[in-house]
Amino acid sequence: LALQNNPELAVFRAQRGSAAAGVTLARTYPFNPVWTSAVMGDSGPASAGITNRVFNQHTLSQEIEVLGQGKIRRAAADAALSRVEWEIAAQEQQFAVRTIRAFHAYIYRQEKMRVLDETIHLQQQTTQKVKRLSDQGKLKVADFMLARSDELESRAQRGARQSLAVAAWHDLRRLLGVQQEIVEVNGRLPHAAPAGFADDWMQIALRKRPDLQAAHLAYLEAEQRERLEIANRFGNPTIGSKAEYNETRVAFVGATLQFPVPMFNVRRGEILQRQAEKIKVMRDQERIATQINQ
């Protein structure tokens, strides 16, 4: 019920749509062709030999990636999508564990209430027996007052335990994400801890904990983003074709090639940012592994 109905999980699962859109975006070439046209009127003296009064110049250019940026960008997007899926799995596991604990807490409070009610019932019977014996003169009045005091003390505990049971019930209901009222909850508390050694459980956790897998993929994503920044540090060339029809009716057709000159900016700051992000993710991965070990 919790995995199906919890609204917080529904919101977190919606992140997968953004990550999937990022994959589509990475598979799309980022640059569109550019068409440039210049149409100008010609005028001048007859000695200029003007035979065409409309000067035409047209250029079609395309920026291209030559250092494998597309492959790096797709790898980063795939890592981001996998990271989001593992993060969703980690949230689902966390909510499952919280629901199990809330369920056990509610069962525990219910059992405590049952034991307390049985205690009150037994003490009530004891008080009645002591009262009869006291009325018959077989016991002192002080014995009756002591038994009555024990009964009242147990009854005084019921309100506090009832409040704890109600709080545990609301915690469970909130995690389940149900809107209708649940009539009854049946279950039993576990009687023993799982068998096995701590080192065995740690190895299983290192293999299967989704938050650790998500941190590893976040590191791969940060690594690919660093590679992409390094590949883009010199810019991309632009190739194209150009056609011109001048004022003397002479036509020119040829190719164009443009290169950015990385004289003042080679994106050193952006590369340092990506490296810092990668180190941060690596430290977060180590933090999760340390917590698993603890």
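Glu226 is buried, at 10% relative accessible area (buried means under 20%, exposed over 50%, partly exposed in between, with a 1.4 Å probe and protein chains only). This residue sits in helix α7, residues 210–231 (helices, H or I with at least four residues, and strands, E with at least two, are DSSP runs numbered from the N terminus). Beyond neighbours within four places in sequence, Glu226 is in contact with Arg274, Gln275 and Lys278 (contact means heavy atoms within 4.5 Å).

A word on the basis: this is a predicted model, where local features need pLDDT of at least 70, side-chain atom pairs count only at pLDDT 80 or more, and totals for chains, interfaces and linings use all residues. Residues are numbered from 1 along each chain as its sequence is written, and side-chain values use heavy atoms, leaving out hydrogens and water.

Now to the charged pairs. The whole structure holds 20 salt bridges (a side-chain nitrogen of Lys or Arg within 4 Å of a carboxyl oxygen of Asp or Glu).

Glu118 and Arg114 are separated by about one helical turn, because they are four residues apart in helix α4. Salt bridges with shared partners also join Arg83, Glu87, Glu221 and Arg225 into one network.
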